[in-house]
Amino acid sequence: MDFDTKVKLHLYETIARTTQAPSSREVAAALNATLAEVEAAFSNLHKKKLLVPEPDNPSRIRMAPPFSGIPTSFRVKVQEKNYYANCSWDALGVPAALHQDAVVEAEDGYSGEPIVLEIRNGLPVPVSCVFHFAVPAAQWWDDIIYT
Amino acid sequence: MLLFRSEETAAKWCGAHGFPVRPLITLEQLWFLATTWYGNRLTVDSRRPAPEEMVEIFGGIGLEGAFWDPKAEQG
């Protein structure tokens, strides 16, 4: 297994277990690697669109889709753990990645009205809602934090 | 992407932010995309779908045209 893959797996497994994205220093310690090696791996994984470092701090993970490295308005509860997702797609991506049922606490993007989405027995429970992409697919990663 | 209670609040958001109203996605369509995108994210072989695969994935649930093509010309 190449080093980038080791970093990717460690990163995602750590978030799944703890709900928190580890820093490059924590990943380096866990994998017995140097900080430079880990941050180079972060950069490579960013190019593969598997993570997004904080724009002003390459040691921190802003996004490891579907997980968010920072609190957002998309909260996902899986058993007793609470994760944050980057958007509504990623909010459903958390139970999809973990292969577990979940309750998503979100809100209407215009009115702020709370909306609860639930994945039960591997399927979404029907609820009145729609999803809207403002940006075309060709531009999603031009500013993925906005998208 | 954003979640809305209804087509009406989605349209109001678009009007307030100067975006055209794009095709709206259903919960079932989004669950399909979520499981397709992220179902193997915690595995060794996980990767983001390639652009050609994305077009096929979107097309499979009726999302077709330049808006859903990651290689479409911008502008």
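Q: Which residues of helix 4 of chain A are buried?
A: In this predicted model, the buried residues of that helix are A:Ser88, A:Trp89, A:Asp90, A:Ala91, A:Leu92, A:Gly93, A:Val94, A:Pro95, A:Ala96, A:Ala97 and A:Leu98. That makes eleven of its eleven residues, and helix 4 of chain A is mostly covered.

Q: What happens just after helix 4 of chain A?
A: A:His99 takes a positive phi of about 55° there.

Q: And where does A:Asp101 lie?
A: A:Asp101 sits in the loop that runs from helix 4 (88-98) to strand 6 (102-107) of chain A.

Q: What does A:Asp101 touch, leaving out residues up to four places away in sequence?
A: A:Asp101 is in contact with A:Lys77, A:Val78, A:Ile119, A:Arg120, A:Asn121 and A:Gly122.

Q: Which backbone nitrogen does the side chain of A:Asp101 reach at 2.6 Å?
A: That of A:Asn121. The backbone nitrogen of A:Gly122 also lies 3.0 Å from a polar atom of the A:Asp101 side chain.

Q: New topic. Which residues touch the most other members of the largest nonpolar core?
A: A:Val76, A:Trp89, A:Leu117, A:Phe131, A:Trp140 and B:Phe58, out of 66 residues in that core. A:Trp89 is also one of the buried residues of helix 4 of chain A.

Q: Take A:Leu117. What does A:Leu117 touch, again not counting residues up to four places away?
A: In chain A, its contacts include A:Leu92, A:Ala102, A:Val103, A:Val104 and A:Phe131. In chain B, A:Leu117 touches B:Leu3 and B:Leu27.

Definitions and conventions
Residues are numbered from 1 along each chain as its sequence is written. Chains are lettered from A and ligands numbered from 1 in the order in which they are written. This is a predicted model: local features need pLDDT of at least 70, side-chain atom pairs count only at pLDDT 80 or more; totals for chains, interfaces and linings use all residues. Side-chain values use heavy atoms; hydrogens and water are left out. Helices (H or I, at least four residues) and strands (E, at least two) are DSSP runs, numbered from the N terminus. Contact means heavy atoms within 4.5 Å. A polar contact is a pair of N or O atoms within 3.5 Å; within protein, one must be able to donate a hydrogen and the other to accept it, and residues adjacent in sequence count only if both atoms are side-chain atoms. Buried means under 20% relative accessible area, exposed over 50%, partly exposed in between (1.4 Å probe, protein chains only). A nonpolar core is a set of buried Ala, Val, Leu, Ile, Met, Phe, Trp, Tyr and Cys residues joined through side-chain atoms within 4.5 Å.
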